[in-house]
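The following report describes a single protein model. Please consult the sequence and the coordinates while reading.

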Amino acid sequence: RIRRTLLDFKYWIDQGGPPDSMCYWSENHQALFATGEYLAGRMFPEAIFTNDGRTGREHAAIGRERLLTWLEQRWRFGFIEWYSNTYYVEDIAPLANLVDLAGDGEIETKAATILDLLLYDVASQSFAGRLLSRRGRAFEGGKMGNDSLRAVAAKLWQDDAGAPRSGME
């Protein structure tokens with residue numbers, strides 16, 4: 001079922017299939033879709049993807065180019081969804097997967113660099129586990145305490161007992 005889902009998935013708006021309401025335009029969606037396409041293509045290089053009839057190898061190449069563009073844009077211009085406690089989590093997921101799973105030194109290095117910059121943003125703009133700076137694209141729930149980025153920061157900068165790690169107070 002997982003294989004079928006990956007091969008049937010529509011990774012970009014130009015890949016055929018029935019009309020849908022998926023959001024492709026936002027910064028985090030670009031990273032999520034390109035990462036999914038790249039990794040699925042690498043996992044199934046000879047398989048035919050049903051939405052557009054391309055092979056996995058072709059999808060991996062398309063995803064790779066989209067990823068390199070996205071990574072270059074983050075390096076040159078930063079995040080459009082800057083300091084977003086909502087969307088940084090959506091950027092961390094594909095970046096971490098690329099660091100671990102890309103199998104391509106260029107993508108792994110660039111993804112690790114952008115992930116480091118993102119985490120620097122979190123560390124430098126936080127106090128007591130909360131991201132405090134102004135931000136792009138944040139929602140009421142995140143501003144009112146339901147902040148998924150706090151869990152990420154806690155995992156990175158607190159020990160198992162919940163105390164700040166040395167030097168991160």
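In which helix is the place of Ala 123? Ala 123 lies in helix α5, helices (H or I, at least four residues) and strands (E, at least two) being DSSP runs numbered from the N terminus.

## Basis of the description

This is a predicted model, in which local features need pLDDT of at least 70 and side-chain atom pairs count only at pLDDT 80 or more, while totals for chains, interfaces and linings use all residues. Residues are numbered from 1 along each chain as its sequence is written, and side-chain values use heavy atoms, with hydrogens and water left out.

## Overall architecture

The secondary structure of the protein consists of 7 helices and 2 strands. Along the sequence these elements follow the pattern α-α-α-α-α-β-β-α-α. Of the 169 residues in the protein, 36% are buried; buried means under 20% relative accessible area, exposed means over 50%, and partly exposed lies in between (1.4 Å probe, protein chains only).

Contact means heavy atoms within 4.5 Å. Among contacts between residues at least 6 apart in sequence, 61% join residues at least 24 apart.

## Helix α3 and its packing against α2

Helix α3 covers residues 56-77 and helix α2 residues 27-43. Their axes come within 7 Å and cross at roughly 145°; axes are lines fitted to C-alpha atoms, for helices over the stretch in contact, and angles run from 0 to 180 degrees between N-to-C directions. The crossing of α2 past α3 is left-handed, a term applied if the near helix is turned anticlockwise from the far one by less than a right angle, with right-handed used if clockwise. On the α2 side the contact includes Glu 27, Ala 31, Ala 34, Tyr 38 and Arg 42, and on the α3 side it includes His 59, Ala 60, Gly 63, Leu 67, Trp 70 and Arg 74. By class, the contact of α2 with α3 has 7 nonpolar, 6 polar and 7 charged residues. Here Ala, Val, Leu, Ile, Met, Phe, Trp, Tyr, Cys and Pro count as nonpolar, Asp, Glu, Lys and Arg as charged, and the others, Gly among them, as polar.

The expected span of a helix is 1.5 Å times one less than its number of residues. For the 22 residues of α3 this span should be 32 Å, and the end C-alpha atoms are 31 Å apart, which agrees. The buried residues of α3 are Gly 56, His 59, Ala 60, Gly 63, Leu 67, Leu 68, Trp 70, Leu 71 and Arg 74. These buried residues pack against α2, α4 (87-101) and α5 (105-124). After α3 comes Gly 78, with a positive phi near 80°. In the loop between α3 and α4 lies Tyr 83, a residue other than glycine whose phi is also positive, near 50°. Tyr 83 is partly exposed, at 23% relative accessible area.

## The α4 and α5 pair

The axes of α4 and α5 come within 8 Å and cross at roughly 150°, and α4 passes α5 in a left-handed crossing. Contributors from α4 include Tyr 88, Ile 92, Leu 95 and Val 99, and those from α5 include Ile 107, Ala 111, Leu 115, Leu 118 and Val 122. By class, the contact of α4 with α5 has 14 nonpolar, no polar and 3 charged residues.

Ala 123 of α5 has a relative accessibility of 32% and therefore counts as partly exposed. Ala 123 and Leu 156 are 33 residues apart in sequence, and their C-alpha atoms are 9.8 Å apart in space.

## Salt bridges

The structure holds 11 salt bridges, each defined as a side-chain nitrogen of Lys or Arg within 4 Å of a carboxyl oxygen of Asp or Glu. One of them joins the side chains of Arg 54 and Asp 52 at 3.0 Å, N to O. Arg 54 is partly exposed at 27% relative accessibility, and Asp 52 is partly exposed at 25%.

Arg 64 forms a salt bridge with Glu 65, with the closest N and O atoms 3.9 Å apart. Relative accessible area is 22% for Arg 64, which is partly exposed, and Glu 65 is partly exposed at 46%. In a further salt bridge, the closest N and O atoms of Glu 106 and Lys 110 are 3.0 Å apart. Glu 106 and Lys 110 are separated by about one helical turn because they are 4 residues apart in helix α5. Salt bridges that share partners join Arg 64, Glu 65, Asp 104, Glu 106 and Lys 110 into one network.
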